[in-house]
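Dear colleague,

I am passing on the structure we spoke about, and my notes on the contacts and side-chain pairs follow below it. Please read them with the structure open beside you.

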Amino acid sequence: MRARLVDLLNRGFKHWSLAPAALVFLLLTLYPIVNLVRMSVSTVEFSAGAVHWTYTPLRNVALLLGDTVLAAAVVNTAIFVVIAVALEVALGLALALLVARLDRGKGLARTVMILPILVPAVAIGSMWKLMYNYDFGVFNQALVALHLSPVNWLGSSHVALAAVIAVDVWHWVPFVFLILFAAVEGVPSDLIEAARIDGATPWQITRRVIVPLLKPAIAVAVIFRAILAFKTFDEVFLLTSGGPGTATELVSLHLYKVFFEQIQLGYGARLSRTIIAAIVAFLAVSRRALSLTVAR
């Protein structure tokens with residue numbers, strides 16, 4: 001009997017040893033989800049040192065439909081994600097191809113490339129805010145030196161979003177570079193040599209041989225960066241806080257303001273559920289697109 005029990009424990013060791021961690025993970029996942037759903041159909045108010053919940057599902061839906069700032073935030077987020085990810089993938093691919101052609105110094109170039117990733121977002125926001133400063137920022141100093149008028153980079157609704165996108169591109173191009181550089185290094189050298197023997201130019205080799213083989217890696221880089229770009233918060237918060245007006249208001253920043261500045265917990269939860277649904281839909285479409293890309 002004892003031997004049978006020991007044998008049973010040994011055979012099921014990998015399952016029951018993980019059970020406590022799995023249980024804790026399940027509780028830490030389920031409780032916030034249930035609480036978020038409950039909050040999204042309620043009005044949560046604080047009075048007399050207590051929290052009062054009122055079941056008002058239609059009120060939160062009406063707030064969602066009538067939120068004019070949300071419409072601007074969605075448009076800004078879409079523009080931000082599309083332009084930032086496109087630039088990051090294009091620059092990351094170009095840098096990966098250039099570094100891969102180096103005979104010496106690949107390790108040094110790779111090390112220098114990843115430095116922006118290592119800088120905390122708070123430091124990046126503070127550094128670029130100083131660089132964008134209207135009075136003494138390095139960009140306006142350069143414009144003045146060229147006898148051009150200074151630009152209000154973060155205070156003009158026409159250029160503020162572009163300025164924020166530039167910071168994100170600087171920060172995350174190295175991430176895309178690392179993904180694509182590893183893929184470029186994995187391209188079989190015999191294919192490149194065969195194309196070179198057949199008389200293909202370096203541009204033709206890159207376009208007809210290397211880039212088609214990089215499609216799966218490019219698709220992965222696009223999906224990863226789109227997800228991270230959709231959640232961008234800290235850099236925008238430090239640079240513009242969504243201003244001027246709603247020129248740089250992103251969905252993540254608007255959600256923060258609803259929760260922590262407007263103290264609308266019920267509507268914030270409703271907004272969170274909508275954003276989660278949008279992310280799930282994006283992941284489903286991206287997974288399908290990735291499957292089609294790899295299949296080709």
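A contact is taken here to mean heavy atoms within 4.5 Å. This is a predicted model, in which local features need pLDDT of at least 70 and side-chain atom pairs count only at pLDDT 80 or more, whereas totals for chains, interfaces and linings use all residues. Residues are numbered from 1 along each chain as its sequence is written, and side-chain values use heavy atoms, with hydrogens and water left out.

Leaving aside residues up to four places away in sequence, asparagine 76 touches Leu161, Thr246, Ala247, Thr248, Glu249 and Leu250. Asparagine 76 belongs to helix α5, residues 68-100 (helices are DSSP runs of H or I with at least four residues, numbered from the N terminus). Its relative accessibility is 9%, so asparagine 76 counts as buried (buried means under 20% relative accessible area, exposed over 50%, and partly exposed in between, with a 1.4 Å probe and protein chains only).

As for salt bridges (a side-chain nitrogen of Lys or Arg within 4 Å of a carboxyl oxygen of Asp or Glu), the count comes to 5. One of them joins the side chains of glutamate 185 and lysine 106, at 3.4 Å from N to O; because glutamate 185 lies in helix α10 and lysine 106 in helix α6 (residues 106-113), this pair ties together parts that are 79 residues apart in sequence. Glutamate 185 is partly exposed at 43% relative accessibility, and lysine 106 is partly exposed at 24%.

Another salt bridge is formed by the side chains of arginine 225 and aspartate 168, at 2.9 Å from N to O, and it links distant parts of the chain, with arginine 225 in helix α13 (residues 215-230) and aspartate 168 in helix α10, 57 residues apart. Arginine 225 is buried, with a relative accessible area of 0%, and aspartate 168 is likewise buried at 0%.

A further salt bridge brings together the side chains of glutamate 193 and arginine 196, at 2.8 Å from N to O; being 3 residues apart in helix α11 (residues 189-197), glutamate 193 and arginine 196 are separated by about one helical turn. Glutamate 193 is partly exposed at 41% relative accessibility, as is arginine 196 at 43%. Salt bridges that share partners also join Glu88, Asp168 and Arg225 into one network.

With kind regards

How values were computed. Helix = DSSP H or I, 4+ residues; strand = E, 2+ residues; numbered from the N terminus.
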